[in-house]
Amino acid sequence: MKTSYPKEDIKVLLLEGVSQSAVESFRRAGYSQIEFHEKSLPEAELKARIAEAHIVGIRSRSHLTKDILENARRLIAVGCFCIGTNQVDLEAARALGVPVFNAPYSNTRSVAELVIAEAIMLLRGIPQKNALCHRGGWTKSAAGSFETRDKVLGIVGYGHIGTQIGVLAEALGMRVIFHDVETKLSLGNARAASSLDDLLERADVVTLHVPETPATKLMIGATELAKMRKGSLLINASRGTVVDIDALAAALRSEHLAGAAVDVFPVEPKGNDDAFVSPLVGMDNVILTPHIGGSTLEAQDNIGIEVASKLVRYSDNGSTLSAVNFPEVTLPEHPNSRRLLHIHRNVPGVLSRINELFSAGNINIDAQFLQTDPQVGYVVIDVSADEAQAAILKDKLAAIPGTLRSRVLY
Ligand SMILES: NC(=O)C1=CN([C@@H]2O[C@H](COP(=O)(O)OP(=O)(O)OC[C@H]3O[C@@H](n4cnc5c(N)ncnc54)[C@H](O)[C@@H]3O)[C@@H](O)[C@H]2O)C=CC1
Ligand SMILES: O=C(O)CCC(=O)C(=O)O
């Protein structure tokens, strides 16, 4: 059957060593042209490779800027094999008619477990004791070493990760307070702090779980660090832009903070062979991890399956359920119809032009699905048409002013 993109022609570009479960999911779904890279690509190479691809899968390192997306003429969808989507210019992707998918849940437990482990380690002063032992030292002492029980954990960003941390922390006997821009249902005995400052002033351990947005950029700077309790601890496994890293280094040097655990950095190496540079390097009381909060085999395996299946579903069936930048439609299968997709700028008149086209051609519409957001309209039309009629319709759809993408799916 003639479609706009026969499956065997669809090129899938997978970067940053996304799990093999993703590769297997694409193969099982009948996609054979899969290009897999262990690392992120340098910008020029990324631009060149993505220009050939119909589907691209990335993690947090590859920045899909407006320029790169506009150059990716064949691209139909982007998969972020992670939670964060700040590395993609979502507006630019939407304006080009490209939905972006992610995995909003699959690695949250892994981050939560790491944060709890780090809170225990920091409260016991283990990072500095461990470092000293490695240098042949020995400090058998209880000074500066605390149980988690009855300590106050302040969670900034009480979403999927923050709430799980709260539940795990309460099981250890910690008292949990949180701050969020939204009103949130408290789980267990957790209580909302009256403000970020209130949280910073009360918590023994502050842990950050907000997304990267303009509002969270440098949310924790010198002023906020000064508000934290003397001897308290900071954990950041959210995004490197959330904390002023030089101010954090200064707060640790002055011993206002007793320690920190940092998984994300304003500038991160592009891959495992690149050097890591940070003002926190060499501080024994700081746990440094290479952005591996969500890097467990379980999480990566699940993410691979979750995101690949969303991309396959969009490519095979047109469903955009859970796209982060795009009108969402869930579509039933109509195997006896032909399915046409039309993505357009949401301006008056497009829908009537689409419908006129079918009535003028005397083509029966078996089902029609429409979803819009203020910028983009997405229409899926199942029709009784033969192959030649579908091809003509697709060309006519493509000629409607305001069209971003059109496609014969099956
Ligand atoms: N280190 C790692 O490997 C990983 C890091 N992450 C990062 O963690 C972030 C959080 O993940 P989830 O909990 O799943 O996201 P989520 O979306 O479920 O929760 C984020 C919470 O932050 C709140 N928030 C947003 N802006 C805020 C602000 N200005 N002030 C206070 N609260 C604000 C939201 O209302 C929401 O409740 C992700 O966006 C990602 O950047 C996620 C997974 C792995
Ligand atoms: O594992 C990754 O590549 C990124 C994890 C992360 O930061 C996320 O899921 O937002």
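Two strands pair if DSSP finds at least two bridges between them. The structure used in these exercises is a predicted model.

**Exercise 1. In what sense do S4 and S5 pair, and over how many bridges?**

Solution. Start with the strand: S4 covers residues 77–80. Its pairing with S5 is parallel and has 2 bridges. Now find a facing pair: Val-78 lies opposite Val-100 in S5.

**Exercise 2. Give the strand order of the open sheet, then identify its edge strands.**

Solution. The sheet has 5 strands, with parallel pairing. Their order is S2-S1-S3-S4-S5. The edges are S2 (33–36) and S5 (100–101), as each pairs on one side only.

**Exercise 3. Which strands does helix H1 touch, and which does H11 lie across?**

Solution. Take H1, residues 20–28, which packs on the sheet. Its contacts are S1 (11–14), S2 and S3 (55–58). The direction of H1 makes about 170° with that of S2. Next take H11, residues 297–317. H11 lies across S3, S4 and S5, and runs at about 170° to S4.

**Exercise 4. Describe how helices H12 and H13 pack.**

Solution. Two packed helices are described by the angle between their axes and the distance between the axes. H12 spans residues 350–360 and H13 spans 387–398. Their axes come within 10 Å and cross at roughly 150°. Angles over 145 degrees count as roughly antiparallel. H12 and H13 are therefore roughly antiparallel to each other. The crossing is right-handed. H12 contributes Ile-354, Leu-357 and Phe-358 to the contact; H13 contributes Leu-393, Lys-396 and Leu-397. By class, the contact residues are 5 nonpolar, no polar and 1 charged.

Key
Residues numbered from 1 in each chain as written. Chains lettered and ligands numbered in written order. Predicted model: local features only at pLDDT ≥ 70, side-chain atom pairs only at ≥ 80, totals over all residues. Heavy atoms only, no water. Axes fitted to C-alpha atoms, helices over the stretch in contact; angles between N-to-C directions. Helix = DSSP H or I, 4+ residues; strand = E, 2+ residues; numbered from the N terminus. Parallel < 35°, antiparallel > 145°, perpendicular 65-115°, else oblique. Left-handed = near helix turned anticlockwise from the far one by under 90°. Contact = heavy atoms within 4.5 Å. Nonpolar A, V, L, I, M, F, W, Y, C, P; charged D, E, K, R; others polar.
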